[in-house]
Amino acid sequence: MPNKENLEKLLKSLASTFQSVRIYTLNHPKAKTAMQDLYDMFKELFQDNPIIAFGLVGDELFCGKEIFFDLTVIVKDFIKELKNKKIENISFKSSLSYEELETFIDLLAFSKQNSVEEINKSIKSKNIHNVTVDVLHAPGIKPESGETEHKYNLSKDDVKHFKNFYSGIIDNAGSLLDKSIIDGVGDMNIFSNIVTSIFEGLGHKENFLLMLMNLKKHDDYTLVHCINVSILCMLQARSLGLNEQDIVDLGLAGFLHDIGKILISRTILRKPNSLSKEEFEAVKSHTVLGAKMLMRFPHVNKMVVLTAFEHHLGIGSQGYPKLSYPQRQCFSTKIVAISDFYDALRSRRHYRRLMAPEIVYEIMRSEKDKLLDSQLLDNFFKIMGVWPVGTVVSLSSGEIAFVEAQNLGDMFNPKVRVFFSSNKEKLEATYSIDLSQIEDLQIISSIPSDSPECEYIFAHLDK
Ligand SMILES: [Fe+2]
Ligand SMILES: [Fe+2]
């Protein structure tokens, strides 16, 4: 993989060549010079890299583990065009000729096509053999061969029980929170009881709760977020072998991490478009406000206060609140920061669709040792998988399936239950497949939870 600096140069050059071609057309000397510079850059990088591929995550370009946040403004027109054309991935092979590159950029700048299939057809018809465009694929690990049948372990009663349990927590916690915080002072016993009841409910079937987190449709984002973060913290803690008291304490730190938001205007918190500098500063103050509020609670565990203060701070204190000295985050903050980041990306907000898990995975990986602790993040995806339980995915065979269990240690290949055949027909009898056991079958991508296929699957889970 080329180093970050070279990749940045290449991306800037790619975006500016695209602009020049668009403004001056291909035969103008300015466009020709830009194209030649770009081609030379590619040739140099191809010496050590047979393929150079870029992907688009949200509004950011990435390559390998690097996401180029700093380039977003410089390459914004280029990104906009990729989005218009629904391209999420471009690969260039080392045998790329100058003519192929020129024809491809011209196609990107002027074609009106807006699907990857159509663009790939044009690429073929224009004899471009060394460039392909695609939708996003998460990296895959080739599993061992051999298929195993797995008994489907989700009974009608289990699904009903956990649905009731999860919505019960949300309703109860909401009213208990209101009652327990009077004049900014909360009753820690009530908070502990909420978290302990969540902990007890987790039992040994946390997969079901994770599934329900995926299906949730609830208005009170902050409350649901706090419950989800609490659950995710307890799952992390349990997987690390901590004792029951420590698990519940971490659940509590997760539950109360954003409590300072109670003091921030709802209008700002719910604003659909980007925040002004002042508004953003107000949102950021929830860390300090939360810590101050928690310090006034009787019998509060200091770890909970510290976590509320530090959870946006990052590993090297590069986040907020701004400190005049670097502070080492405490263990509970590192756990909460991962759960918080994950749930924030995975939540459907009124201004944003649910983000695909494979994109969440890429974004979180790019935060290793920046905002998130590297080893704990590896552990997190080991237990959650890239596609968590409850995700509906399309397989390389064309089949559509529901993720029903993780394979610990193989985060890309969970156990799935197939509901739609490769011809997209509903199956009378669904069947389970362990993807880690079949060599040529992989997950291609997740399917948005508001698609008809997902709705059909969710409606038939407990039948
Ligand atoms: Fe926060
Ligand atoms: Fe949060």
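Select helix 3, residues 76-84, in this predicted model, and colour Phe 78, Ile 79 and Leu 82, which are the buried residues of this helix. These three cover an arc of only 100 degrees around the axis, which means that they sit on the same side of helix 3. Now turn to the other side of helix 3, where Lys 76, Lys 80 and Asn 84 are exposed.

Next, show the whole protein chain, in which 18 helices and twelve strands are found. Of its 463 residues, 36% are buried. If the contacts in the protein chain with a separation of 6 or more are displayed, 67% of them are accounted for by residues 24 or more positions apart.

From there, select helix 15 (residues 331-346) together with helix 17 (residues 374-384), whose axes lie 10 Å apart and which pack at an angle of about 50 degrees. Helix 15 is therefore oblique to helix 17, and the crossing in which helix 15 passes helix 17 is right-handed.

Coloured by class, the contact of helix 15 with helix 17 shows five nonpolar residues, no polar residues and one charged residue.

Note on methods: Residues are numbered from 1 along each chain as its sequence is written. Chains are lettered from A and ligands numbered from 1 in the order in which they are written. This is a predicted model: local features need pLDDT of at least 70, side-chain atom pairs count only at pLDDT 80 or more; totals for chains, interfaces and linings use all residues. A residue is buried if 20 or more other C-beta atoms lie within 10 Å of its own, exposed if 12 or fewer, and partly exposed in between; C-beta atoms are placed from the backbone. Helices (H or I, at least four residues) and strands (E, at least two) are DSSP runs, numbered from the N terminus. The arc is that of the directions from the helix axis to the C-beta atoms. Two residues are in contact if their C-beta atoms, placed from the backbone, lie within 7 Å. Axes are lines fitted to C-alpha atoms, for helices over the stretch in contact, and angles run from 0 to 180 degrees between N-to-C directions. Angles under 35 degrees count as roughly parallel, over 145 as roughly antiparallel, 65 to 115 as roughly perpendicular and the rest as oblique. A crossing is left-handed if the near helix is turned anticlockwise from the far one by less than a right angle, and right-handed if clockwise. Ala, Val, Leu, Ile, Met, Phe, Trp, Tyr, Cys and Pro count as nonpolar, Asp, Glu, Lys and Arg as charged, and the others, Gly among them, as polar.
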